[in-house]
Amino acid sequence: MIVLAYPTLACWALLEVGLRVHDAVQGKGGRHRDRGTRVLIAVSLGAAIGAARVATSAAPSLGIPVAMRVFGVVVMWLGLATRVWAVAVLGGAFRTTVEVDPGQPVVTTGPYRWIRHPSYAGLLLIVAGLGLALGNWLSVFACLLLPLPALAWRIRVEEAELSRVLGHPYRAYQTRTARLIPRLW
């Protein structure tokens, strides 16, 4: 099943490159409000993927059944679909950096009706699924735990900026929706 995980990673990488190119072509992606979070997320995701590969080699006795490995690839594709859906719903307002246009509406449709940061949830699903697909419980933990602090910091930075620029409509939206996991956080 790991064979299917690598093409999924390649699709994800193409998506991320495409998003950055789109930012550049549109003249978007300013980093002055980002506080280094885009780089931090990229490094933490890379570290998670690397640690997961090492864990798979170093601790083969912590293996995961084949059915769970298959499920891991399914989770990766769900994460990829969630990220693409979130980007599509935001449209021109999506950035790979923290940047909010004045007058931008608060989006509450699509996946945003349940959580405020579905594109980050998608990222976590992709790497968690990779951990499962690699077939080792240490890989799963690495893929979940290593990116989480970076994503939590990004969410904090982004929500402060959204609240500053969009004001009361965004703060009201915050009271109705969870950050990353529906009905939990």
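**Terms and their grounds**

Reply: The structure holds seven salt bridges. The model is predicted: local features need pLDDT of at least 70, side-chain atom pairs count only at pLDDT 80 or more, and totals for chains, interfaces and linings use all residues. Residues are numbered from 1 along each chain as its sequence is written, and side-chain values use heavy atoms, leaving out hydrogens and water.

Me: What makes the contact of Glu16 and Arg83 a salt bridge?

Reply: A salt bridge requires a side-chain nitrogen of Lys or Arg within 4 Å of a carboxyl oxygen of Asp or Glu. The N to O distance between Glu16 and Arg83 is 2.6 Å, so the pair qualifies. This pair links distant parts of the chain, 67 residues apart: Glu16 lies in helix α1 (residues 2–26) and Arg83 in helix α3. Helices are DSSP runs (H or I, at least four residues), numbered from the N terminus.

Me: Why is α3 called roughly antiparallel to α4?

Reply: The axes of α3 (residues 66–90) and α4 (residues 118–134) come within 7 Å and cross at roughly 165°. Axes are lines fitted to C-alpha atoms over the stretch in contact, with angles from 0 to 180 degrees between N-to-C directions. Angles over 145 degrees count as roughly antiparallel, and therefore α3 is roughly antiparallel to α4.

Me: Which residue classes make up the contact of α3 with α4?

Reply: This contact comprises 17 nonpolar, six polar and two charged residues. Ala, Val, Leu, Ile, Met, Phe, Trp, Tyr, Cys and Pro count as nonpolar, Asp, Glu, Lys and Arg as charged, and the others, Gly among them, as polar.

Methods. Helix = DSSP H or I, 4+ residues; strand = E, 2+ residues; numbered from the N terminus. Parallel < 35°, antiparallel > 145°, perpendicular 65-115°, else oblique.
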